[in-house]
Amino acid sequence: MSIFHNGGSAEEAQHFDMVTKKDMVLNPKDHLLHIENVRKVYAGRDGAKTVLDNVDLRVSAGEFVALVGPSGCGKSTLLRLILGSERPTSGALYLDGEPIGFPDPTRGIVYQKYGLFPNRTALENVLMPHKLKLSFSEWQKRKKELIGQAEHYLEIAQLIEHKDKYPKELSGGQQQRTAVMQQLINDPKVLLMDEPFGALDPGSRERMQVFLLNIWEKTGKTIFFVTHDLEEAVFLATRVVVLSQYYTDDRTDLKVRGSCIKCDIKTGTVGQAQSTKSKLDPKFTATIEHLRDVGFKPDHLHHVREFDLTHADSFHTVTPEEVNGLACDFPK
Amino acid sequence: MRKRALLLGIHAEPPRWLQIVYMSIVPVIAIAGYYWISSNYLADNPHGKLLPSFMMMLRRFLVLTSFSGIDFELNWVWGFIPVPDITLIGSLFWGDTAISLFLRLLTGLTIASAVGLILGLNIAMFRTLQFLVLPWVTVLSFVPVVAVMPILLIVLGIGEEAKIVLIILGLVFIITLSMYEKTREIAQELLVNARTLGATDLGLTYRVVLPMVIPDLLQTMRLNMGIAWYCLLMGEAIAAQQGLGYRIFLFRRVGPDMAGILPYVICITLFAFAIYYLLGCIERRLFPWKTDGEKQ
Ligand SMILES: Nc1ncnc2c1ncn2[C@@H]1O[C@H](COP(=O)(O)OP(=O)(O)O)[C@@H](O)[C@H]1O
Ligand SMILES: [Mg+2]
């Protein structure tokens with residue numbers, strides 16, 4: 001059942017693979033990450049507050065999904081549910097068909113800050129997954145090999161000359177690269193990222209985006225990337241999911257406070273950004289303009305405008321040379 | 001352009017030599033003032049003991065510090081903690097210092113900080129302990145140690161144990177509560193991250209969190225050294241045969257021997273300051289990763 005019950009053409013409706021009743025009965029085993037009808041209510045001072053409601057989402061292995069939405073709409077809350085540090089009020093979350101429990105190494109996270117251990121150097125931070133997982137004797141036995149591997153990862157992230165620095169001595173971009181490398185060594189099934197580049201200046205932010213894309217292309221990791229920056233989302237992801245603060249239930253025509261996954265834009269017409277090349281396409285800018293309308297103004301959902309290409313220069317385009325310049329051999 | 005002020009004003013920026021001059025104004029006035037009062041007093045009472053001159057103090061102090069040999073003996077507190085008993089034969093001052101600093105203060109500090117660290121860390125990490133232990137640690141931290149002293153003397157006698165336990169009691173609850181607070185201040189995100197990296201309960205507590213709060217332990221010890229000294233001198237004043245605190249109170253009874261008391265007070269202050277300063281240096285030296293002020 002589509003919420004494009006009027007206004008939108010059938011063609012437009014096709015662009016949006018909306019949550020339907022049929023999807024609801026999908027087997028959790030069919031996707032790597034399966035979020036079903038999740039609701040999260042916080043008890044606040046002024047009564048209960050519904051932060052997430054009717055959230056349905058499925059992520060397949062190897063996807064790069066970006067979750068966009070305005071500040072305070074519940075993006076971090078959804079990540080906490082996926083991590084397992086908090087439980088949903090109702091609904092269910094599955095990873096690989098297994099119900100999600102407490103935080104464990106199958107789900108890794110990169111935060112905007114507080115991700116690194118302040119008392120460990122970059123190298124020690126990257127080695128932490130091994131140190132925490134291995135017994136002392138095992139660690140002693142494999143120490144040499146593992147340190148070698150960690151140094152190789154740091155080299156890829158252009159951090160090798162900073163390996164003995166503590167997090168506070170690293171720049172914001174270097175810290176985030178260290179955090180990403182720590183997670184790659186950890187090797188989770190899905191890598192969650194909560195506005196990881198939000199605190200960086202525009203220049204390092206762009207370099208980090210290219211760096212992350214490169215890693216994603218080389219490793220095929222499943223990435224679930226939260227941001228409030230639509231341009232970042234479209235540039236990076238194969239699929240953009242928009243979480244809005246206000247949610248209009250089209251089936252009952254009721255305005256409900258809370259949020260839901262508004263649209264689940266599949267790769268294809270809207271989520272063009274699948275290969276690096278197509279990201280440089282003028283259509284990309286159009287995609288952003290389009291998403292601005294649907295993502296942040298739910299009322300306009302039915303009025304998908306013609307793409308306005310005059311806004312093309314408002315977006316910084318990364319040249320293919322820039323992307324290739326950062327290409328590197330990545331261990332599988 | 002206006003010249004920078006040397007003496008007054010918010011933006012005063014005196015050069016280094018002037019800073020030193022400013023710093024010495026207070027001690028110079030204090031010393032000169034005492035010298036003046038003391039010489040007037042001694043002119044009126046040539047055999048008076050209350051306000052000795054600096055020369056009298058120095059002479060007395062040299063007598064107290066001179067020694068002719070070292071007697072070393074290993075004692076055991078509670079049968080398992082080795083404590084060297086160093087007696088510098090003939091030197092009251094150094095003997096007292098060794099006993100007070102190395103036997104009583106150091107043992108008390110070590111035990112109090114080890115127990116406080118482990119207890120505070122575990123209370124913060126394991127929720128059950130927050131009900132089981134935390135309220136009672138908080139209540140106990142309000143019990144004035146001086147009030148418990150008679151009980152300690154009755155139960156433990158007047159040996160070393162009572163005096164060490166007094167220092168432990170004075171510090172252990174403060175350190176526990178401080179370690180609890182510091183552990184709770186660690187960003188939740190970091191703990192969740194450690195979990196996703198495979199940390200177990202014990203791994204999280206002892207491999208991730210413990211190393212992060214050690215600098216806070218040193219800081220807590222440094223800022224509460226005053227309490228440790230207070231407990232030490234209290235214990236020694238009431239039941240001891242040796243020690244810095246014991247000696248001061250003894251000098252009061254025999255005399256009063258002000259020329260002996262004053263150098264002791266000055267030295268105790270210097271020791272306390274030296275330990276404070278040393279702990280500060282160790283903190284900065286051993287933990288270069290620690291951000292001062294704002295959290296990471
Ligand atoms: N533990 C909590 N208790 C009460 N309210 C919370 C809690 N955590 C988050 N919230 C509320 O939930 C909403 C969503 O928060 P969050 O998930 O951090 O948003 P986002 O990451 O999208 O900016 C906010 O309005 C916030 O105030
Ligand atoms: Mg957030």
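Predicted model: local features only at pLDDT ≥ 70, side-chain atom pairs only at ≥ 80, totals over all residues.

Colleague: At what angle do helix α9 and helix α12 of chain B pack?

Modeller: Helix α9 (residues 201-223) of chain B meets helix α12 (residues 258-286) of chain B at about 165°. Their axes are 9 Å apart. Angles over 145 degrees count as roughly antiparallel, so α9(B) is roughly antiparallel to α12(B). The crossing of α9(B) and α12(B) is left-handed.

Colleague: Which residues make the contact between α9(B) and α12(B)?

Modeller: From α9(B), P215(B), L218(B), Q219(B), M221(B), R222(B) and L223(B). From α12(B), Y276(B), L279(B), G280(B), I282(B) and E283(B). By class, the contact of α9(B) with α12(B) has 7 nonpolar, 2 polar and 2 charged residues.

Colleague: How do the axes of α10 and α11 of chain B cross?

Modeller: Helix α10 (residues 225-238) of chain B and helix α11 (residues 244-253) of chain B cross at roughly 50°, and their axes come within 7 Å. That angle makes α10(B) oblique to α11(B). The crossing of α10(B) and α11(B) is right-handed. W229(B), L233(B), E236(B) and A237(B) of α10(B) touch L244(B), G245(B), Y246(B) and F249(B) of α11(B). The residues of this contact of α10(B) with α11(B) split into 6 nonpolar, 1 polar and 1 charged.

Colleague: Now chain A. Into which domains is chain A divided?

Modeller: Domain 1 takes 2-102 + 190-329, and domain 2 takes 107-187. In chain A, 25 residues of domain 1 contact 18 residues of domain 2.

Colleague: What area do domain 1 and domain 2 of chain A bury between them?

Modeller: Domain 1 and domain 2 of chain A bury about 1,800 Å² between them, with 69% of it on carbon and sulfur atoms.

Definitions and conventions. Residues numbered from 1 in each chain as written. Chains lettered and ligands numbered in written order. Heavy atoms only, no water. Axes fitted to C-alpha atoms, helices over the stretch in contact; angles between N-to-C directions. Helix = DSSP H or I, 4+ residues; strand = E, 2+ residues; numbered from the N terminus. Parallel < 35°, antiparallel > 145°, perpendicular 65-115°, else oblique. Left-handed = near helix turned anticlockwise from the far one by under 90°. Contact = heavy atoms within 4.5 Å. Nonpolar A, V, L, I, M, F, W, Y, C, P; charged D, E, K, R; others polar. Domains from an automatic or database assignment. Buried area = accessible area lost by both parts, 1.4 Å probe.
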